[in-house]
Amino acid sequence: MKRVSFILVTFLLFLCQAIDAQKVLLAGKVVDAESDKPIEYASILLSEKGLWAISNEKGAFAIKEVTTGKTSLTVQCLGYQKRTLHIDLNRNVTDIVLKLK
């Protein structure tokens, strides 16, 4: 019985690690398409995953714990056209540049 319990606990630990390993980081910056100046307070939404971020004064944003797979990324800010991208996340992305018009 102790051996079965040990094997079950070990299996559950490996399962938890596998689930955790499927989460990635999505980070980058939002800039004006014409001037390349950073856009502050832009909202970055991964609506299917229920995650979002707001860009800082340097246009930078980060969304942690994003599950891998296909999703829609929407970027919007007052005074700019909303932009939606369809992306397939399978690893950390830390250098995406989102340009708004």
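Leaving aside its neighbours within four places in sequence, Leu26 touches Leu46, Phe61, Ala62, Ile63, Val66, Leu73, Ile87, Leu89, Val93 and Ile96, where contact means heavy atoms within 4.5 Å. The model is a predicted one, in which local features need pLDDT of at least 70 and side-chain atom pairs count only at pLDDT 80 or more, while totals for chains, interfaces and linings use all residues. Residues are numbered from 1 along each chain as its sequence is written, and side-chain values use heavy atoms, with hydrogens and water left out.

**The nonpolar core**

- Leu26 is also one of the residues with the most contacts inside the largest nonpolar core, which has 20 residues, and Val30, Ile44, Phe61, Leu73 and Leu98 are listed with Leu26.
- At least two residues of this core come from each of S1, S2, strand S4 (60-67), S5, strand S6 (83-89) and strand S7 (93-100), and the largest share, 4 residues, is supplied by S7.
- A nonpolar core is a set of buried Ala, Val, Leu, Ile, Met, Phe, Trp, Tyr and Cys residues joined through side-chain atoms within 4.5 Å.
- In soluble globular proteins, nonpolar side chains tend to be buried together.

**The chain as a whole**

- The chain holds 1 helix and 7 strands, arranged along the sequence as α-β-β-β-β-β-β-β; helices (H or I, at least four residues) and strands (E, at least two) are DSSP runs, numbered from the N terminus.
- Of its 101 residues, 31% count as buried, a word that means under 20% relative accessible area, whereas exposed means over 50% and partly exposed lies in between (1.4 Å probe, protein chains only).
- Among contacts between residues at least 6 apart in sequence, 51% join residues at least 24 apart.

**Ser72, a buried residue**

- Ser72 lies in strand S5 (residues 69-76) and counts as buried because its relative accessible area is 11%.
- The side chains of Ser72 and His86 are joined by a polar contact of 3.0 Å, that is, a pair of N or O atoms within 3.5 Å, of which, within protein, one must be able to donate a hydrogen and the other to accept it, and residues adjacent in sequence count only if both atoms are side-chain atoms.
- Beyond its neighbours within four places in sequence, Ser72 is in contact with residues including Leu45, Leu46, Thr84 and Leu85.

**Tyr41, an exposed residue**

- Tyr41 sits in the loop between strand S1 (23-32) and strand S2 (43-46), and Tyr41 counts as exposed because its relative accessibility is 59%.
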